[in-house]
Amino acid sequence: MELGLVGLGRMGGNMTRRLIAAGHRVVAHDPSTDAVNAASGWGAIGAFSLTDLVDRLTPPRAIWLMVPSGKPTESVIASLTDLLAPGDVLVDGGNSNYKDTMRRAAELKQRGLNLLDSGTSGGVWGLQEGYCLMVGGDLDVFHRLEPALQALAPAPDRGYAHVGPSGAGHFVKMVHNGIEYGLMQAYAEGFELLDAKTEFGLDISAIAELWRHGSVIRSWLLDLTAAALEDDETLQTVQPYVEDSGEGRWCAHEAIDLAVAAPVITQSLQARFASRDESRFGHRLLAALRNQFGGHGTRKAGG
């Protein structure tokens, strides 16, 4: 099928490459001319403006957005709304707040346009491993775009799903990221305990590798923990400053609004706040883990 893609950062670029490898026609746009030229080198059709992007797509169009949440997404959707025609589809693959998504879907529907919200997980590994896609919106529109979803997912029969109406995809991704916060915090605290038991002279990197095989706590996050510790067992080059990108806060707020006890997720968010004032091994590991799965930058110690 044919798909427009806006936003050629690391994830958007990798999604473009995966779609092209599966035989789809991709028209790619980014504010960076270099990014557009790179996409053209992968086999995409480069578009150097949103108008150019829309003109190069055959109606009814489908355009996937990989744009930072908030004002950037709002701006791109507003610009495209004036260029598109009834029956066209926008897919928001970023981490938008689900309440914003519900509002945008209603506004676009009045113009005859469709919005799918696709919570997208996979980080920098999606090119090789595929992406987990949590999609909200009209079911018929979901089925229309299913060939592209299958190409982006780990396999045509798994790793993507229609999870509910507009907003549901981003809501599910928000909860996914809240769980991610809790899992990462548990690993960070456990490895900090290992690091503190100096009398045993524990090889922490070797223990991470050990736990990857057969243990009940093995996971992809543990694989990434082992990779981070293999690169730098003491993590002394990583400043213990752990960013939070928004979803954890929204998840904690939602738990309060729904009167659902979520102490692990909430406390893991608080631990990220605390990391900005302390110097602990666990916080360095959290920062290193974010870099391993998402390519998020770390602050170098002493910098």
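1. Let's start with Asn177, which sits in helix α9 (residues 168-196); helices here are DSSP runs of H or I with at least four residues, strands are E runs of at least two, and both are numbered from the N terminus. Asn177 counts as buried because its relative accessibility is 6%. For the cut-offs, buried means under 20% relative accessible area, exposed means over 50%, and partly exposed lies in between, with a 1.4 Å probe and protein chains only. Leaving out residues up to four places away in sequence, Asn177 touches Asn95 and Glu247, where contact means heavy atoms within 4.5 Å.

2. A word on what you are looking at. This is a predicted model, in which local features need pLDDT of at least 70 and side-chain atom pairs count only at pLDDT 80 or more, while totals for chains, interfaces and linings use all residues. Residues are numbered from 1 along each chain as its sequence is written, and side-chain values use heavy atoms, with hydrogens and water left out.

3. Now the cores. A nonpolar core is a set of buried Ala, Val, Leu, Ile, Met, Phe, Trp, Tyr and Cys residues joined through side-chain atoms within 4.5 Å. The largest one has 30 residues, and Leu19, Trp64 and Leu133 have the most contacts inside it. Helix α8 (residues 146-152) gives the most to this core, namely 4 residues. Leu19 is in touch with Leu3, Leu5, His24, Val26, Ala148, Ala151 and Leu152, again not counting residues up to four places away in sequence. There is also a second, separate core of 24 residues, including Ile207, Leu224, Leu235 and Leu285.

4. Have a look at helix α10 (residues 204-211) too, where Ile204, Ser205, Ile207 and Ala208 are buried. They lie on the same side of α10, because they cover an arc of only 160° around the axis; the arc is that of the directions from the helix axis to the C-beta atoms.

5. Gln292 belongs to helix α14 (residues 281-294). With 13% relative accessibility, Gln292 counts as buried. Its contacts, leaving aside neighbours within four places in sequence, are Val124, Trp125, Leu224, Ala227, Ala228 and Asp231.

6. Next, a helix pair. The axes of α4 (residues 71-81) and α5 (residues 98-110) come within 12 Å and cross at roughly 5°, which means α4 is roughly parallel to α5. Thr73, Glu74, Ile77 and Thr81 in α4 meet Arg103, Arg104 and Leu108 in α5. By type, the residues of this contact divide into 2 nonpolar, 2 polar and 3 charged.

7. Val238 counts as buried, at 7% relative accessibility. Its C-alpha atom is separated by 9.2 Å from that of His283, 45 residues apart along the chain. Leu235 counts as buried at 1% relative accessibility, and has a positive phi of about 55° although it is not a glycine.

8. A couple of other backbone spots deserve a look. Most residues other than glycine have a negative phi, and most peptide bonds are trans. Ala259, in the loop between α12 and α13 (263-274), has a positive phi near 55°. Ala259 is exposed, with a relative accessible area of 72%. Pro59 and Pro60 are joined by a cis peptide bond, with omega about -10°. Pro60 is found in the loop between α3 (50-55) and β4 (62-65).

How values were computed:
Axes are lines fitted to C-alpha atoms, for helices over the stretch in contact, and angles run from 0 to 180 degrees between N-to-C directions. Angles under 35 degrees count as roughly parallel, over 145 as roughly antiparallel, 65 to 115 as roughly perpendicular and the rest as oblique. Ala, Val, Leu, Ile, Met, Phe, Trp, Tyr, Cys and Pro count as nonpolar, Asp, Glu, Lys and Arg as charged, and the others, Gly among them, as polar.
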